Every structure is written in C-alpha cells, then in structure tokens.
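Subject: Structure for your review

Dear colleague,

Please find below the structure that I am handing over to you.

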Amino acid sequence: MVILARIDDRLIHGQVVEGWVNYLKATCILVADDTVAANPLQRAIMEISAPEGLKVIIGTVEEICGKLLSPSLDGERAILLFSNPGDALRSLQAGLSCSSVNLGGLHFVPGKMKIMDVCAVNDADLEALKAILRRGVKIDIQTVPTEKPQPLEKVFKACLGEASTK
C-alpha cells in the first residue's frame with residue numbers, strides 16, 4: 001500500500017529517509033524514474049543511501065506502476081517517489097490510484113520560476129501539476145512531516161493569480 005506519493009527532485013535523501021520513513025513507519029521506498037532506472041551508478045547510490053532493512057525498488061514509471069497494480073507489494077507500507085510532476089501524472093494516467101500527492105521539493109535552475117522557497121517550476125511542471133489537480137488529486141507542499149502542509153492551489157493563486165489552476 002502506498003502511504004505517501006511524493007514529488008521531490010532529489011528522490012531518496014535525508015528528509016525522506018530520516019523524516020518521512022520514520023514518521024510513517026514505511027517498510028519500502030519505490031523510485032519511479034526512467035533516468036535513474038537506466039543508470040546503474042545512480043541506482044546503486046540510492047540503494048545504499050537507504051537504511052538497512054528498508055526495501056528499495058527502483059524502476060521506470062511503467063515498471064513501478066505495474067508493481068503497484070499487482071499484489072506483489074501487499075503488506076508493504078510504501079513511499080512512492082517521483083523526481084518531477086510529469087512522471088507523477090504519467091503514473092496516474094497508467095492507472096495508479098492516488099488521492100493526494102506530497103510536493104517535497106523542486107529546486108530552482110535557470111528556466112524555472114520559484115513559487116515557494118522549496119518549489120520552482122517550468123511550464124511542463126505547471127501543466128502536469130494542473131492536470132493532477134484536475135484529476136481530483138490533492139497536492140500539498142510539505143518538505144518534512146512536522147511542517148504545516150501548504151495546499152498547492154492556494155500557492156498557485158497567491159503566485160500566479162486566479163486562473164492558475166485551470
């Protein structure tokens with residue numbers, strides 16, 4: 001069972017391992033990322049960065065969706081990680097059922113617009129986030145479990161104006 005679906009361009013890192021895994025008592029981390037899945041070095045780094053005893057499964061978006069739609073992960077308390085909103089949207093389009101998504105961090109790089117300290121988006125990110133919201137999936141910006149979640153729709157309205165969620 002997925003207990004947290006999270007978009008965070010860092011994927012597995014301290015906030016996830018020390019914060020979310022412990023807080024949610026997760027037994028498994030799923031990384032749905034085509035680039036990482038194709039890179040043995042990145043895969044190895046992510047696998048060794050997780051604490052012993054925590055199952056880590058890395059695959060393409062399609063592979064991870066397939067695992068989640070099968071009974072192979074029954075009994076697991078899984079955190080599902082995406083590096084970008086487009087991959088999260090692709091998983092929903094592939095049949096993944098999800099009522100909410102945690103937006104943990106999208107770092108600023110040239111070509112992106114900062115909408116919060118921890119969240120910078122480009123046009124593709126914006127379109128994917130809007131499409132996720134249109135599907136009725138709630139998105140909250142929250143980096144760690146002890147932080148108050150900020151509904152993305154409110155952040156959009158404050159930063160981008162009323163028409164921002166359409």
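In what follows, two residues are in contact when heavy atoms of theirs lie within 4.5 Å. Please bear in mind that this is a predicted model.

By that criterion, and leaving aside neighbours within four places in sequence, Leu103 is in contact with Ile7, Cys119, Leu129, Ile139, Asp140, Ile141, Gln142 and Leu152. Leu103 also belongs to the largest nonpolar core, which has 35 residues. Leu103 is among the residues with the most contacts inside that core, together with Ile7, Leu30, Leu129, Ile139 and Leu152. Helix α6 gives the most to this core, namely six residues. Another core, of 19 residues, lies apart from it and includes Ile12, Ala26, Val31 and Val56. As a general point, nonpolar side chains in soluble globular proteins tend to be buried together.

Turning to the strands, there is an open sheet of seven, in the order β3-β2-β4-β1-β5-β8-β9, and its pairing is mixed. Because β3 (55-59) and β9 (150-151) stand at the edges with a single partner strand each, one side of each is left without a neighbour in the sheet. Within the sheet, β2 (residues 28-32) and β4 (residues 78-82) pair in the parallel sense over four bridges, and Ile29 stands opposite Ile79 in β4. Helix α1 (residues 14-24) lies across β1 (2-8), β2, β4 and β5 (100-105), and runs at about 160° to β1.

A hairpin is formed by β6 and β7, with two residues between them. Strand β6 (residues 113-116) and strand β7 (residues 119-121) run antiparallel and are joined by three bridges. Here Lys114 stands opposite Ala120 in β7.

Lastly, I would draw your attention to a pair of helices. The axes of α5 (residues 85-93) and α6 (residues 123-134) come within 8 Å and cross at roughly 35°, and the crossing in which α5 passes α6 is left-handed. On the α5 side, the contact is made by Pro85, Gly86, Ala88, Leu89 and Leu92; on the α6 side, by Asp125, Ala128, Leu129, Ala131 and Ile132. Of the residues in this contact, eight are nonpolar, one is polar and one is charged.

Yours sincerely

Methods: Residues are numbered from 1 along each chain as its sequence is written. This is a predicted model: local features need pLDDT of at least 70, side-chain atom pairs count only at pLDDT 80 or more; totals for chains, interfaces and linings use all residues. Side-chain values use heavy atoms; hydrogens and water are left out. Axes are lines fitted to C-alpha atoms, for helices over the stretch in contact, and angles run from 0 to 180 degrees between N-to-C directions. A crossing is left-handed if the near helix is turned anticlockwise from the far one by less than a right angle, and right-handed if clockwise. Ala, Val, Leu, Ile, Met, Phe, Trp, Tyr, Cys and Pro count as nonpolar, Asp, Glu, Lys and Arg as charged, and the others, Gly among them, as polar. Two strands pair if DSSP finds at least two bridges between them. A nonpolar core is a set of buried Ala, Val, Leu, Ile, Met, Phe, Trp, Tyr and Cys residues joined through side-chain atoms within 4.5 Å. Buried means under 20% relative accessible area, exposed over 50%, partly exposed in between (1.4 Å probe, protein chains only).
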